[in-house]
Amino acid sequence: MNQEEQYSFSPLDSYQWIKKEAFAYIKAQQWIDEALFEDFLNAFEDYFKHSLQKTSHLIKNELDEGNVQFAVLVVALYEAFVKIGKEDKEAFKCVCLAINEPIAPFMEQNTEAFLTASEYPFKAIVEISKARETYYFGKSFGFERLIDDDYGYVLQIKKCLFHEVLKALEHTFLQRIICQVDCGWIKGIKTELHNLHFARPITFATGNTCQMWFIKEEKINNIQ
């Protein structure tokens, strides 16, 4: 997958990709005895179906279908691990790794390549962020642009659909797993190469809002 394909993914595409990679990763890690794997799959399907029905009221448009299913995927995987006997902390770790580890390298590499190929990396990533607010996340998320100029872009997410799903399912403790997904593309920002800083001082995993700070760095030539 290249960066163009990554950024053209719909939420449903992303959900299906992450689900496929997560199950392949779980099987490869051999965390589950072969005799229990079918039980794990059945438990997952049951929890997923039940949880999706319970959160169906949150689906208001086509974008929400993929975003809600992604959050439900995280919950159903966690509950399936617990169902087959994993301790809570171990189940959390397994889900976090399964969701993030397979996709993080692609996201990092593609983001770095995209920014490196851009004449103005700061402008390019801000444009991508703004576009995704509309075509990927949509109206079920609440965005506010606290700073938006040639030197900085501070985006506040006042409402997160992923968090709303976790609240409805009483699994907000899994929020950190979902927020971790962003670390893939965040690591693709190379400050010295792209003259760009990124900071995320708060997320719904640690507070009641989320902020993303994109900061352009002044490029100064060394004085010989």
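Start by selecting H171: you'll land in the loop between helix 8 (161–168) and helix 9 (175–180). Helices here are DSSP runs of H or I with at least four residues, strands are runs of E with at least two, and both are numbered from the N terminus. Before you go on, note that this is a predicted model, where local features need pLDDT of at least 70, side-chain atom pairs count only at pLDDT 80 or more, and totals for chains, interfaces and linings use all residues. Residues are numbered from 1 along each chain as its sequence is written, and side-chain values use heavy atoms, leaving out hydrogens and water.

Stay on H171 for a moment. Is it buried or exposed? H171 counts as buried because its relative accessibility is 11% (buried is under 20% relative accessible area, exposed over 50%, partly exposed in between, with a 1.4 Å probe and protein chains only).

Then show V75, Y78, E79 and L166, which H171 touches, leaving aside residues up to four places away in sequence. Touching, or contact, means heavy atoms within 4.5 Å.

Next, select strand 1 (residues 142–148) and strand 2 (residues 152–159), which run antiparallel and are joined by 6 bridges. Strands pair if DSSP finds at least two bridges between them. These two make a hairpin, with 3 residues between them. Click E144 and look across to its bridge partner in strand 2, Q156. D148 faces Y153 in strand 2.

Keep Y153 selected, and find F214 of strand 4 opposite. Strand 4 (residues 210–216) pairs with strand 2 in the antiparallel sense, over 6 bridges. Finish on strand 2 itself: 6 of its 8 residues are buried.
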